[in-house]
Amino acid sequence: MPVETALYDLLGVEPEATEDEIKKAYRKKAREHHPNPDDPEAGSKFQEMAAAYEILSSVETRETYDRFGMEGISGNGGRGPSMDAADLFAELFGGANFGFNFGPDMRPRRTRGEDTIINYDVTLEDLYNGKTVRMNMEKQIVCQVCKGSGAKGSAKPKQCAKCEGKGWTFIQTQMGPNQIGTSRARCSECGGHGEKLREKDRCKKCKGEKTVKEKNREEIHIERGVPNRTRIVLSEAGDEEPGVPPGDVVLVLKCKPHPSFERSGNDLLTTVHITLSEALLGFSRILVTHLDGRGVHVTSPKGKIIKPGDSIILRGEGMPIYKSPDQKGHLYVILEVDMPEESWLKTVDQPALEALLPPKKPEMDPKPAVIDEVPFEERDIVDFGEGDEGDWEDEDEEDETGEPECRPQ
């Protein structure tokens, strides 16, 4: 067993873990704790894991660590982990660094601004007909007074006293029993810049923040037939930061549920209620008011009896096909038959109606030996299975003495 297991614990693996298991564990941890300019602790945690991985991924240094602990590693000619955390990240993730570059001081530097994600609610009518949206938006732009320096006039920032211009400070972390790890974290005083403006030297417009808010109006076109959750990207329309290209504004279209139609791909589904007369004798009428306001007239075939739950397809009446709006999917219609009200039955000649309708089912033949007359009672099917089972008793249930209630004489 190793003399200490702090590095194994940091990666969440057992001391007996294989090289592949250690690598997989580091991949997972690195994705969770990759450096974040807004979270200094994430950067220090990432560096700790990078150092742990380099030690445990090498047969030589792992053996030294298992035998002598961190003292053996740090005492090896005064050398600690040699590979830069950014190099480790590139090795494991194919060069991907989640939008950050690492300088020699291990401060994450953005290569572009952050994207702004906006969820935008639309109706099914909007997606069917297309729509142009004019949105009032607010974003950060580089201050034009100080040109993004944050300084007033020719004032220059002073070296940060806390980090002495490095942009980072050392922090200590408990890595295990009697083991303290030292790592670097972004300076909380200067935000990792290594320099800081005095209050009196800050730009009056942006108060030293380097950016100011600006309102603008954007026009977005929603094309006909676009799928739900479509992302409309306004390139480089996001917040600006000095020295880096702005990110994008991304609108994510979220379609609200429709009261009459349901969409699946390019097809639509709706339910239409017809009368008993229409089910038996057919219909020829406007069956559906479509999403563009059109009335869709349908005539049923002569001699066709429609049963409750039957469905029909209206070809070419579905959603416009995205990028080919002249073509459409299909509209499926479920037909439900509405039975007449009891008041209607009182207005008709019932014997004459009975003569017109199909005959009733004959009595069962042969009849069962025992027949019980049971009263007719209406009840909602949702009540099915809600009977009180607490009244049931097991005939073999024993009494409190442990003896059966009924014993042979």
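**Note on charged side chains in a predicted model**

1. Of the 409 residues of the protein, 32% count as buried, where buried means under 20% relative accessible area, exposed means over 50% and partly exposed lies in between (1.4 Å probe, protein chains only). This is a predicted model in which local features need pLDDT of at least 70 and side-chain atom pairs count only at pLDDT 80 or more, while totals for chains, interfaces and linings use all residues. Residues are numbered from 1 along each chain as its sequence is written, and side-chain values use heavy atoms, with hydrogens and water left out.

2. The secondary structure comes to nine helices and 19 strands, helices (H or I, at least four residues) and strands (E, at least two) being DSSP runs numbered from the N terminus. Among contacts between residues at least 6 apart in sequence, 63% join residues at least 24 apart, a contact being heavy atoms within 4.5 Å.

3. The protein exposes about 27700 Å², of which carbon and sulfur atoms supply 49%; accessible areas come from the Shrake-Rupley method with a 1.4 Å probe, and for residues only the protein chains shown count as cover.

4. The structure holds 14 salt bridges, each defined as a side-chain nitrogen of Lys or Arg within 4 Å of a carboxyl oxygen of Asp or Glu. One of them joins Lys131 to Asp126, with the closest N and O atoms 3.7 Å apart; here Lys131 is partly exposed at a relative accessible area of 30%, whereas Asp126 is buried at 13%.

5. Asp292, Arg294 and Glu317 are linked in a network of salt bridges. Arg294 meets Asp292 at 2.7 Å, N to O, and Arg294 also meets Glu317 at 2.8 Å, N to O. Arg294 is partly exposed at 31% relative accessibility, as is Asp292 at 33%, while Glu317 counts as buried at 18%.

6. Asp338, Glu341, Glu342 and Glu378 form a negative surface patch. Patches are made of residues with over 30% relative accessible area and no salt bridge, like charges being joined within 9 Å; Asp and Glu count as negative, and the place of a charge is taken as CG of Asp or CD of Glu.

Methods
Patch = residues over 30% accessible without salt bridge, like charges linked within 9 Å, V, L, I, M, F, W, Y side chains within 5 Å.
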